[in-house]
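Please prepare a briefing on the structure shown below, with the criteria behind each term stated alongside the values.

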Amino acid sequence: MLTRAGVLAGLVASALLGAVPTRAAEAPTVFAAASLKNALDDIAGSYAKEGKPAPKISYAASNTLAKQIEQGAPADLFFSADLDWMDYLAKNNLIRPDTRVSLLANSIVLIAPKDSKAEVKMGPGLDLATALGQGKLAMGNVDAVPAGKYGKAALEKLGGWAGVKDKVAQAESVRTALLLVSRGEAPLGIVYATDAAADANVRIVATFPADSHPAIVYPVAITKDSANPDAAGLLAYLRGPTAKAAFEKQGFTVLNRAATAQQ
């Protein structure tokens with residue numbers, strides 16, 4: 001038989017338990033290529049407006065992010081600017097292969113400061129050395145940063161690499177290369193078309209032919225060690241109509257195909 005003191009104690013305990021706040025769902029962490037910033041910032045905002053935990057996004061060059069994941073950095077999704085770095089993590093069993101999607105495509109362009117009068121004839125026999133003069137060609141690190149690798153491949157294919165290889169300002173990411181041109185610190189640069197569209201201080205001088213470099217594909221996947229229950233939901237959202245509109249607004253081509261369909 002409960003005493004009055006026992007009932008009171010139970011009520012107090014219940015009140016105390018009820019006062020404990022429910023822990024909010026932890027936001028998923030996305031490691032994303034620097035060129036995705038404008039689009040993903042918009043998408044993250046839309047996702048949060050739908051009542052979901054706004055994802056935490058870390059932007060850098062894909063090679064940097066892949067190495068960080070390899071070293072144990074806590075990421076739930078990896079969104080790369082090329083297939084090579086996603087393949088690198090896959091070979092090291094650091095992603096969930098069944099979640100991998102080739103989501104976007106892009107192109108690379110030659111840019112100059114907006115007031116520049118530089119003109120370049122794009123095609124075989126490409127000559128950038130004359131347009132550069134004593135200046136530098138800004139581009140991502142040609143051995144690691146995806147945009148830099150694509151750029152070097154295109155220059156080699158078109159016969160322009162030998163003339164500029166000693167005039168390259170290699171940046172840690174494509175957005176850093178963009179900034180060098182935007183600030184007028186480099187007369188020319190190679191970036192993604194989406195980067196050029198995001199900066200009013202640069203103009204596109206020419207677009208590299210699609211057959212001058214490997215296809216530019218952006219894959220995304222959930223990391224092997226992710227324990228966040230919202231990671232799958234965020235990935236599905238990235239493949240949905242709201243995200244599609246945001247990507248297309250920034251100039252990306254949306255592929256949205258499972259990795260098994262293209263490998």
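**Briefing: overall fold, sheet and aromatic pairs**

Of the 263 residues in the chain, 47% are buried, where buried means under 20% relative accessible area, exposed over 50% and partly exposed in between, with a 1.4 Å probe and protein chains only. This is a predicted model, in which local features need pLDDT of at least 70 and side-chain atom pairs count only at pLDDT 80 or more, while totals for chains, interfaces and linings use all residues. Residues are numbered from 1 along each chain as its sequence is written, and side-chain values use heavy atoms, with hydrogens and water left out.

**Overall fold**

- The chain holds eleven helices and eleven strands, taken as DSSP runs numbered from the N terminus (helices H or I, at least four residues; strands E, at least two).
- Among contacts (heavy atoms within 4.5 Å) between residues at least 6 apart in sequence, 80% join residues at least 24 apart.

**Open sheet and the helices across it**

- Five strands, in the order S7-S6-S8-S5-S9, make up an open sheet with mixed pairing, two strands being paired if DSSP finds at least two bridges between them.
- At the edges are strand S7 (168–171) and strand S9 (202–207), each of which pairs on one side only, and the twist averages 35° from one strand to the next.
- Strand S6 (residues 137–140) pairs with S7 in the parallel sense over four bridges, and Ala-138 stands opposite Ala-169 in S7.
- Helix H6 (residues 146–158) lies across strand S5 (108–113), S6 and strand S8 (188–192), at about 125° to S6, whereas helix H8 (residues 174–182) lies across S5, S6, S7, S8 and S9, at about 140° to S8; axes are lines fitted to C-alpha atoms, for helices over the stretch in contact, with angles from 0 to 180 degrees between N-to-C directions.

**Aromatic pairs**

- The whole structure contains seven aromatic pairs, counted where ring centres of Phe, Tyr and Trp (its six-membered ring) lie within 6.5 Å, with planes under 30 degrees apart called stacked, over 60 edge-to-face and the rest tilted.
- Tyr-47 and Tyr-237 form an edge-to-face pair, at 4.9 Å centre to centre and 65° between the planes; Tyr-47 lies in helix H2 (residues 37–49) and Tyr-237 in helix H10 (residues 231–238), so the pair ties together parts that are 190 residues apart in sequence.
- Both Tyr-47 and Tyr-237 are buried.
- Phe-79 and Phe-247 are also edge-to-face, at 6.2 Å centre to centre with 80° between the planes; because Phe-79 lies in strand S3 (residues 77–79) and Phe-247 in helix H11 (residues 241–249), this pair ties together parts 168 residues apart in sequence.
- Phe-79 has a relative accessible area of 0%, and Phe-247 is likewise buried at 0% relative accessibility.
- Ring pairs link Phe-79, Tyr-150, Tyr-192, Tyr-218, Phe-247 and Phe-252 into a cluster.
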